[in-house]
Structure formats: structure tokens, C-alpha cells
Amino acid sequence: MEHRLANTWWMTVNEKKFIETTLLSDLRIDGRRPFDYRRLTIKFGRDDGSSEVQLGQTHVMAFVTSQLVQPYRDRPNEGTVSIYTEFSPMADPSFEAGRPGESSVELGRIIDRGLRESRAVDMESLCVIAGKLVWAIRIDLHILDNAGNLVDAANIAALTALSTFRRPECTLGGEDGQEVIIHPPEVREPHPLIIHHLPIAVTFGFFGDENIMVIDPTHKEESVMRGRMIVTLNTNGDVCAIQKAGGVGVMQSVIMQCLRIASVKAADMTSKIKNAVESYNTERALRKIKRHSSSAALDVNKPDVKLENQNQSVDQKEIGDLSGHHVERLKLISEERGVSHSNSMEGLRQSPEQDKTTRDVNSKGADFDVVETSLALHGALIPNTKLEESRREKPSEADPGQLLADLEPAPSPDGAVETGEQTNGKKTLVDAVKPKHKRRKKKSSNIDAS
Amino acid sequence: MEFVSPEGLRLDGRRPMEMRQIRAEIGAVSRADGSAVFEMGNTKVIAAVYGPREVQNRSQQINDQALVRCEYSMANFSTGDRMRKPKGDRRSTEISLVIRQTMEACILTHLMPRSQIDIFVQVLQADGGTRSACINAATLALADAGIPMCDLVTSCSAGYLNSTALLDLNYVEDSAGGPDVTVGILPKSEKVTLLQMDAKLPMDTFENVMQLAIEGCKAVATYIREVLLENTKQLEYRRGV
């Protein structure tokens, strides 16, 4: 109710008339044609099962989480999928904090019907023990900015989040074989959900009495339009859900025309979603390859610096764009230590982030640990520097020897120091600290990459 | 499960294109401005309309049209298992919204600015098709209250089970998990104002099912007109015209 009022309030009569009249000649206020979508941007979060969708100015965020629960009594071997919508009061003046309003409930129900009743997500594969434990999938939809057509944006957000979500692998164990062991994602690769088809919601707005219709109405158009119809279909030509709650009447032939238009748009959207998900999956896989290849380097375990160097150079190619960045950091750190390097990395630019690193190092008084961990991060580039350093600092035995020892294990992921020369007392402490630092920093370097 | 027998009969003995018996009664609530009871087989719904009256919450007042409100509820005893449902669950909120918007489309709200019309619908017995029954009952109640409308709204549902299109699903057929299409039309212009669909259905099949539901709506419209005409005749008779 409040939604309607706030919507009509800020629109003047002239503005409304203008929108209606321009639509008579197939023009829309944002320059689109009647059956065009606004620009769609799909972004993914760092974790699996989170996505951020922008449809023009409309901004929706989706998070998928899972939990083990007891199934419903009438469906003992099926998991559950539930959708929660959160209309942030920040997104629109008509949204109020507190209890979900009518529009929020309607949005949730439309997406719910499209996803659940059309059996898009395989529920039976979510069963762990029939009648006792199933996975409950929860989709949280957050509306961050409302610029019209929330349903389509939220639906795409829900679909993309679902397709990138992975639930942890679990097995039965214990004495009676009834105990459920959930394996953390580091131990066993988590499972993606089985999604049979992607139901895409397409919103039509109807204007005036002559049944002018547009696709993907903006917020302004929404406050003028006389009726709305949301059609949810998949690429197989199946209609998964329709919602036309009142509003101006339309002929049956117009509805069928809408369905045909919507099926074309749905195919278009599906390919966009699939591309986005695929690129996310490739990126995800690449991230993992990096981890494995560095552990392969650990297996080599050769004290010979040159051999390790070769291993790393393969990595270096993989990291590619990151490397420049790492080089910079390295350079700064080495400068800090007072070792004047006249290496090839001099000409690189200096970003504020690196400044921060410098300051960090400063405050710690050129602590070796810091140097070491930051080097450990950027294993790929170490060998080069390392070689240079070893060449340079050979004459002075005491300090550089220590340095070399610290540098040596850097490329190995869990800091297991195995090369012969580094057997000194300091090792154990270093070992304890390194993996932690490493994981955290690795993540941060991933953010930089994305 | 077999929903259509080889003889072409449904679980309750109807033919696929046959509707349940419908019965309507006007003036069930004495204090209301308009009220009606509508039955479709075992589904029974009561509707009451209050208004046009002064807007209760001033901040909601609209200066160029009437404010329409609707509240849908299900009696605790309406379903098979008697349970206390929390008021304002998601399903009933959505149905309230749907009924309100459907009725708003046919009420001439611009004739009654700064006023409020309340529609209350309650399901007494639920046996499938409660949404349709509620809309039909609300139409009758609005007509009884003498609220100006551009047309009646009538509604009917249809489904698709055992590769047969079925008109007016009952509870067993509805809960089979097949598609369920609820249609509301403005019978004079034959335009669709309400359309809701669940589950999966190929596009051409959907057209047939929707066509069937529209035919059902027309049948309901004919009956509702009869009831209203009969009611008006009685009023005329009582006034001694």
C-alpha cells in the first residue's frame, strides 16, 4: 500500500502524461525500444553461492547458504529450498524497515514458484538420510537499489547464486553408520547443486487502454503502468509460472504474444547467465590450479635453487597480471632493508597500497619475518630476486645467509622447510606462522585479481 | 496416481471439462454494506464489503481515487487438518494483494476520491480453487454494496493432469503437483485481468488450458448475472414497485 503511494507521489502529472504519450510512438524515456532489456551485469562474490546483479540501476544481491535439517514429514527424501527477501529501506523511500511488506512477499512468492514448483533444483539429491537429514538451501535476496523491475533482477540473482553455490560434501560414518561427517571444503571438493533448467522471469508492463506493452519497465514506468505481467519460462519452451495480479485486462492473444516474446528473451538471458557462471567456474578452477602447482613445487624438494626456479617460472606465467604487482612489493621491501637493488623492477609505478606495505615494514623495523611472509606470498617471483640477492650478498656471510635460508622455503605453500641449508633453530617458529599468513594474504591477492 | 479414469471420469465423477456445482447467495452478513457467500462444490467462501467510507488512516488517503483494501483469511476449520495458521503468512498476504489488485481494476475508484473500500474474504471450507471462489464472492459482495464497477470479475481455475486439461480442480487434483492456472476475466470485454500459474507446462498446452479456464469464467459470469438479476427483482418486489 505504502509502496503505491510513495511511487505516485514524486511523479508529476506532466511526467506521467509524457511517458504515456511517448510510448504511443514506441519511445521510452531511457531511449530503449519497447522490447529491450537494460544492461545486465552479473558479478560474483569471493565465496561460492553469492552474486550481485545489476539491471540498469536496479541492484540485487543474492546469497545462498545451506544447512542440515530434518525434512518435512510429507517429503522425507527431499531437501528444501526457501527464499527470503530483504527490502532495504535504503533502496527506495517506500520500503520500510521491519516486517516484510506486500511487494516483498509477492516478489519472494513469484521467484519461489518459478524455482520450486517447476522443480528447477533437484531436491532429492539434497537428501542425506531419508526422513532424518536433508540439506535446506536458503536464498537471501537483498534489494540494494530499486530502479524498477525488481522481479527479473532478483530472479537472475537467485539463479546465478544457485548455479555457483556448492554444498559441502558429507558422508556417513561413526559406529552405527548413521553419523554424518561434513567435510570442510579444503578437504573434499564441495558439490554444486543439480539444476535441471533455468526459469527466467520476464516482466511486461501494460500502458493505457490500447494495450501498449513494454519489457523491463523502469521505476518511472512502473508508477505509470496500468498492469503488470511476469512470465517465467525456460529455454525448453515451458512456462514455469505466470503472475498477473489484476490490473488492466488484456486479450488472450496478447498474452500468447507476450509468451513468445518472453521465450526469446529467456533464451538470451540464459546464455548470459551461463556465460557468467562459466567464467566464474573457470576462474575458480584456475585459483585451485595455482594452489596445486605450488604444492607440486614442494614435492620437488630440491636444494638447488635453479631447479625450483624453473618450476616457478611456469607459475609465473599463470599468475600473469599479478606479477607486476608482486614485483613492486618485493622491490619496496628490499629497499627497506637497505640492500640497493639495481634490478629490472625499478621503473614500475607505486600504488598507495604498496606505500602501506612500506609503512608496515617500517614500523616493524625491517623485520625479517615480514619480509619473508610477503615474499612467501609471491612465490612466483622470488626466484629471480633470490638469485640476485644470493649473487650480491655472497661476500657477507652472516646476515645474507640467514636471509637466504628464510627465502628458500618461501614458494612452498605450507612452509614445510626441507631444503638442506635451512636447518636452523628458527625454522619451527617460522613454520607455525607461515601457513596462516599465507592463506590470508593469498585471499587478499585474489581480491586484487578480481 | 490416476486422475482421469479410462472412461474419462475424474475422481469425483466429473468429466474433464465439467465444473463443480456453483451456488451463490447475496446478503449473508447483515451489518455489511454488501456481502455474499459463494460455493464451488465443497469450497465455500464468504465475502463482506464495507464502504465507500471515510479513510481510517489519514496518511493512506488518496486525493483522486478511492483506497481499496482487502483481507483474505482461512478459517482454522476450513482444511482437513485443523491447525492454527499464523495471521499474515506469505500465502495469504499474496492472495490478499492479488484480490485487491483484481478488484481495483474493475472498481471505478476515481468516482469516490478520499474514501475507502474494505473487502474481507474468509474461506469456510477449502477444497481447491479458493482463490477463484474468493474473487467471485468479492465481485458479488461489491455488486451488492452498490459500488460502481466497469464490469464484473469472474474467476475459475484449470489444470493439466494425465495429459488432459481439467476444469475447476478440487483439492486432491490441486495437490497432485500438476500445473494450476487461475484466470480472472472481465466477462463483457473478455479480457484477462488475473492470471496465475504454477509448475511447468509447454506453451501450446498452456494456451489450451487457459482457454478452458476462460470458458469456465464465462460460465461463472452467466450464473453470477442470474443471481444478481434475481436479487434485484426481489428488491424491486419488496419495495412494491
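Trainee: Leaving aside neighbours within four places in sequence, which residues is Val183(B) in contact with?
Mentor: With contact meaning heavy atoms within 4.5 Å, the partners of Val183(B) include Thr154(B), Cys156(B), Val192(B), Leu195(B), Met210(B) and Cys217(B). This is a predicted model, in which local features need pLDDT of at least 70 and side-chain atom pairs count only at pLDDT 80 or more, while totals for chains, interfaces and linings use all residues. Residues are numbered from 1 along each chain as its sequence is written, chains are lettered from A and ligands numbered from 1 in the order in which they are written, and side-chain values use heavy atoms, with hydrogens and water left out.

Trainee: What makes Cys156(B) count as buried?
Mentor: Buried means under 20% relative accessible area, exposed over 50% and partly exposed in between, with a 1.4 Å probe and protein chains only; Cys156(B) has 0%, so this residue is buried. Cys217(B) also stands at 0% and therefore counts as buried.

Trainee: Why is Cys156(B) in no disulfide?
Mentor: A disulfide is a pair of cysteine sulfur atoms within 2.5 Å, whereas the nearest cysteine sulfur to that of Cys156(B), belonging to Cys217(B), is 5.5 Å away. By this rule the count over all chains is zero.

Trainee: What is the largest nonpolar core?
Mentor: A nonpolar core is a set of buried Ala, Val, Leu, Ile, Met, Phe, Trp, Tyr and Cys residues joined through side-chain atoms within 4.5 Å, and the largest has 131 residues, with Val183(B) and Leu141(A) among those with the most contacts inside it.
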